[in-house]
Each structure stands twice: as structure tokens, then as C-alpha cells.
Amino acid sequence: MSTLPISVPVTETHLPYKGRVAMFTLIAAESAIFTIFVVAYIYYIGQSLSGPTPREVLDLPIFNTIFLLSSSLTIMLAERALVRRAMGNFNLFWGLTILLGAIFLVGTAREWYKLITVDHLTISTNLFGTTYYSLVGLHALHVIVGLILLTAVLIFSLMKALRPEDTKRIEVLALYWHFVDCVWVVVFTVVYVIGR
Amino acid sequence: MSESSMPLPGRLPEAAAQGTRADALGNIVEILHDWVTTVDHKKIGILYILYSLTMLVAGGIEILLIRLQLAGPRLNVLSGEVFNRLFTMHGTTMIFFVAMPIFVGFANYLVPLMLGVRDIAFPRLNAFSFWMTAFGGLLLYYSFLGGTGLQGAGTAPDVGWFAYAPLTERAFSRGHSTDFWALALILSGFGSIGGAINFITTAFCLRCKGMTLFRMPLFVWLMVVSSVLVILAVSPLTAAQAMLLIDRYLGGHFFDTQAGGSATMWMHFFWIFGHPEVYVLIMPAFGIASEVIPVFSRKAIFGYPAMVAASVSIAFVSLSVWAHHMFTIGMSAAGNAFFALSTMIVGIPTGIKIFNWLATLWGGKIRFEVPMLFSLAFLFQFLIAGLTGIMLSVAPFNWQLHNSYFVVAHFHYVIVGAILMMVFAGFYYWYPKVTGRMLDDRLGKLHFWLFVIGFHVTFDVMHIPGILGMPRQIYTYEVDRGWGTLNFIVTIGAFIQAIAIIIFVLNLVVSLFKGKIAGPDPWDAWTLEWTTASPPHAYNFDAEPVVYSARPLWDLKHPDDPD
């Protein structure tokens, strides 16, 4: 085809990195899933036929929120360190991200433990229980998946197996983590601010 | 098969040793192993297509049984219970395990070839998606055996393909039939989403030199639009199925009306998926039409940018029309008006597409080969399907005909008359590329005429009992209703279509061995897949292609008159 006597120049197009595009697509799909759960939550606010109600049992998880949201900051710092190939800093900030995420999960676990044992609210108690545990649980599930992936990267990094060309992949993973944090902002607003 | 599997350099001795195994069993095991572990987009595409064809036969047998039961009033071919299970399985099978995967199969095979690249963006994700879809179907069909075994229809789901709550709640649907249904759709949903991610990423990140977005073949564009809809529509379904399973297994109350839950909620969630799903299926059909019609009219597609814009706007509008499936639940007047209007708006970009295809035909040197015959039938039938769609979008009209056979006739006009027609066109058009041999022309024409006649006998007539008030999903009816003759004609039509499909499958098998050798470019076409050998090598292209226009092969054949 290169022998064609056509003067049209081949347009040099810059193609985006496939991992990034795929992650944005996945995030779109996940957003659609969360939207359905959030819509269900909002629609069912105040529709429970029996107690306990959110106002009676839910406390604002302020610290938990601070921990999770600041993990977005630490992962960004880790990414910057990685671009500079400052692996010590990278390990530090990446580890801090995992720690913050883990603290968040422990916070959720403590909250659930209290709800189940003290307030006797389970997923089958009433509509509030059903929507609350599924929405917060779905988000926690995403945190768990994120933590597993983050930990895998940390192990690779400690084994000095991270090559410079892996940077792009790690940025894709960070994108996912930012998404999980964004979802928490929505969940926090809906469950603990509007729904209470 | 072994010739097309490229061993990795490091395992050459191993591969060579495998090649020397002469025993037949060893060969079969090797071929099987090759196909099960493959990550090649062409093989996965073929797997998708074979899988969908198998499911087409299963769904077809189900509908033939249903049609036998409905052929006359008060027949006793099936019990009411088995009837419920069969129409649920028919709908679920045809939508999720025939129509969706067959286009994913076509796209798997064709998108990388059309873009001039080696493979799809994520080959392993691709294999994962296929096996998820496949296991979803197996899980659904295992329900025939699960529980009570093969007596009757086992514990196949019996709640209709839209599975309205609260019928699906634990209290009303005992046993595991609904669980099989929900789990099967979650699994295949993961498969669809994985596939969609792959197509979008491939189109945006993997294109050969010179292949700008507006030089991509329209089939690729329409697969991208379809994939975006999968992302936005199948995900809500997955979420709704998860809620259903939470209700059924953990005692949740999402759709439990006894505890304040809302059955309407399920309808909204289902149709937020359900309506865009129609466009998920029709977009690839549009794509095939946009490839076949220009080639057999010997003209470039009319209004390429308008086609792309129209597809994107159809997709956009289709996300806001879902409640036209629910006019009878008693929405506000404003709600009814909104969904009626938004539904009618779909007609505008769809009209643009129809006129573009007509303008492509206009003044062209039309060759009436089998793919073109199917495409012309598609144009005609899709128009009628669209018109009954506009009728149904008028809320008061819809109140009269809601859940009647008029609706059944309407959406079968879309799915069989438009989508399946283009699947057949795609088979006749690309079979030579996939196998290296042409499908038999005489059998093809026989298939076409029998199928079109059968289609019209079935679905033209089916509108009438609907208008006379025959509701869908009933297993029998009284003699004095006067629906008997019409239903008998519909049943005859269904069997004519079945014969046509048998001829088609026969053609697929016979032509594999006896078909005319096709050569790389049997239709004198213009897109990149026709530049490579038929069937293509494992590595697709000998050298990475460079393109200068939307019709690279035209440029090559007519250097004095480039596109």
C-alpha cells in the first residue's frame, strides 16, 4: 500500500494508553452499578415499616472518611515518587495508602459490629438494613479489591521488580483507587447526611 | 488447527514434539486444548459464534414447542407450568445467549482485522469474557436438570424474561429456578462488560497507521456505540440481579412489597437495562448493513459522518426511554408524555440511517447476492418494526395493547426481522473470510426466501390476535375468542422459519468442505479484512497496513481514482 501514488500524508495519530481507556470504561460501568444502589437507597429512605431508623443508630464516620480520602493524597504522592524513581518514598506513601485503606475497613467493621450486636440491625431487619448493608458493603468490597491490588504492587516494589514501564499500569491502579474514594463521598453524603 | 497456533519461541521443542504425535486421540486432545486455552481473537470469535448457534437451536426448539401448544385453542401439548418455563427460557436464551454473543463473536473476529491490528486490546480478558458468557448459558440450562431432573422442564426459571417482582421473591418463587436465572445473567453480564471494555479500548487505542477515527469502518463504530450501551445498561442489570439475590438469599427487602419494598423499582431497573439492550443488539446489525449495502451497491456509504452521529444520538436517546415499557403502571401525565416523546425522538436519527442506506442504494449497481438480499429485507422489515414502535410509544394506544401479542409481534419484527436478518447477512458475507470457502448460493437463496416467507407468515399475522386482545404469556385460550386460525397460521410460519434455519445450518456445514474456494476478496470489497488471506493467518497481516482513506482496498484497486 505504500506504493500508492497518493499525496495524502499519513496522519500521525497519538493513540491513548489502553490501560487508561479500559479503566475509565470500567469506572463507567462501576458508576452505573453504584448509581442503581444509590437510587435504591434514596428511594427507600423513610420507607421502612419497622425500626431501627438511621437517625437512631448511625453515627457520622468522620475519622473514617478522613482516613479514606487522605489515602487519595498519599497515592498521588506515591505516583509522583514513582515517576522520579524515588522508590523509598514510593514504598512509604504506597504503604501509607494501604494502611489508611485498612483503617477505613476496620472502622466499617467496627460500625457493622456495633449495628449488629447493639442495635440488632441486620440486612434482613428492614428496608434500611437491606439498602444500608448492600450499598456500604458494595463500597467496602471495592476497597477490599483495591487493597489486594495495592498490596500486590507493594510486594513487587519491595522485591524491586517494578520496571519503569510498569509506571503506567500503576497509574491505572491509582485511578481505580481515586474512584473508590469518590464513591465514598457519594455514599457518605447519601447514607450519613441525606439519609439520616 | 495446529498450523494456526503460534508456539512461543521458548517452547518450540515442546510444540515440535506435540506435532509428531500421530494418534487420533492425541490430536483431538491437542485441538481441544488449543481451542479451550486460546486467546486469539479469531478463535474466540468463532467460539462465540458456534456457542450462539447452539443456543439458537435450543431457543428455537423451545419456541417450536410453545407454538405447538398455541396452535389451537385448549390444546394440551404442554402444561401451563412447562409453558411458563419454556417462554422464560426462550426469551432469556435468545437475548442473552444468542443475539448478544453472536455479535460479540462477529466483532471479535472482525474488529482487529478491520482496524489492521494483530489482536484485540486485552486477549486474556477476551477469553475470560467468552468463558463467563458460556458458563452463564450452561448454568441457565443446567436448571432443566437441577432439582427435579428432566421431568417436565425441571426447575427451569418460569418468571418471564423480565422477571417482575414480587413474583421472583422467595415467598412466590420457591426452589432455585429464579436463582439459576439471576446467576446466569450476572455471569454473562460480566462477560458482556468485559467484551465491551475490550472493543472500546481496541477502537480507541489500537489502530493501524493512518486509521483515524473517521476512517474506521462503520461496523467498528457501531460496535463501539453498542459497547458503550453495554457498559451503561448491562451494569444496572447486574446491580438489580445482585439486589434480587440479596432478597432471596439474605432476606433483604429490595423488591419485597410486604416490607415496604417496591415492585415498580424492579421494573424501572430492569427496563433501564432492557430498552438500551435493544440498541445493544441493533447497533451491530446496523454496522453489518453499513458494510454490506455499500459493497453490493458498488458505492461508498452515503453520509458516513451522519451515520456515526445518528448512531451516537440513538444510543444517547435510548437511555431515556425505558419507562415506555411501563405505561400501564400509572405514571403521572408528565411521565407518560416524557417517555412517549423521547421514544418518538428515536425515530429521527433512525430515519437518518434508513435514508442514508437508501441513498447508498440509489443509482448504485446493485448485485443481488445473498448478503444483499438479507440486507434489503432488513431495510423493509426494520422500517415496519420502527413504525409499530412509534405506534406503541403513544401512551393511550399502549394502554390498549400492553402485553398483548401486538407487542410480541413488534419486538420480534425488530429482533428477527432486523437483527437476525443482519446476522444471516453477516454469515453469508464473512463466511468466506473465516473459512476460506463460499457458502452455497442456491442453498443460501432457498434459506433467504423460506425464512422471509416464514417470517412474514408468522409475525405479520401475529399483530392481529394482539389487536383482538390476546395477551402474551398465556398457555392456552378459549375457542370462542376467535384466535385459533390466526395462531395456527403463526405456528405454520414458525415451522417454515425452522426449516429455513435447518437449511442454513446444513449450508454452514456442507460449504465448509465443499464450498467454492473464496480467495482473499470474493466480494470485491473495500475494508482491511479483505486484504489478508482467507482464513487469515494467526498474525492477521503480513505487514502492518497503512491506510489513506475509509476504503483502503478501493485505493489499492483504483490508484488513479483514490477515495
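Trainee: Which residues in α3(B) and α15(B) meet?

Mentor: Happy to go through it. Keep in mind that this is a predicted model, where local features need pLDDT of at least 70, side-chain atom pairs count only at pLDDT 80 or more, and totals for chains, interfaces and linings use all residues. Residues are numbered from 1 along each chain as its sequence is written, while chains are lettered from A and ligands numbered from 1 in the order in which they are written.

Now to your pair. On the α3(B) side you'll find Gly60(B), Ile63(B), Leu64(B), Arg67(B), Leu68(B) and Leu70(B). They meet Asn487(B), Val490(B), Thr491(B), Ala494(B), Phe495(B), Ala498(B) and Ile501(B) of α15(B). Being in contact takes C-beta atoms, placed from the backbone, within 7 Å. The helices themselves (DSSP runs of H or I, at least four residues, numbered from the N terminus) cover residues 41-70 for α3 of chain B and residues 484-514 for α15 of chain B.

Sorted by class, this contact has nine nonpolar, three polar and one charged residues. Here Ala, Val, Leu, Ile, Met, Phe, Trp, Tyr, Cys and Pro count as nonpolar, Asp, Glu, Lys and Arg as charged, and the others, Gly among them, as polar.

What about the geometry? Two packed helices are described by the angle between their axes and the distance between the axes. For α3(B) and α15(B), the axes (lines fitted to C-alpha atoms over the stretch in contact, with angles from 0 to 180 degrees between N-to-C directions) come within 9 Å and cross at roughly 155°. That makes α3(B) roughly antiparallel to α15(B), the word for angles over 145 degrees. The crossing of α3(B) past α15(B) is left-handed, so the near helix is turned anticlockwise from the far one by less than a right angle.

For another pair, look at α1(A) and α6(B), residues 177-205 of chain B: their axes come within 9 Å and cross at roughly 140°. That makes α1(A) oblique to α6(B), and α1(A) passes α6(B) in a right-handed crossing, with the near helix turned clockwise. Among the residues of α1(A) that meet α6(B) are Val21(A) and Leu26(A), and Ile197(B) and Phe204(B) are among those on the α6(B) side. By class, there are nine nonpolar, two polar and one charged residues in the contact of α1(A) with α6(B).

Note on methods:
Helices (H or I, at least four residues) and strands (E, at least two) are DSSP runs, numbered from the N terminus. Angles under 35 degrees count as roughly parallel, over 145 as roughly antiparallel, 65 to 115 as roughly perpendicular and the rest as oblique. Two residues are in contact if their C-beta atoms, placed from the backbone, lie within 7 Å.
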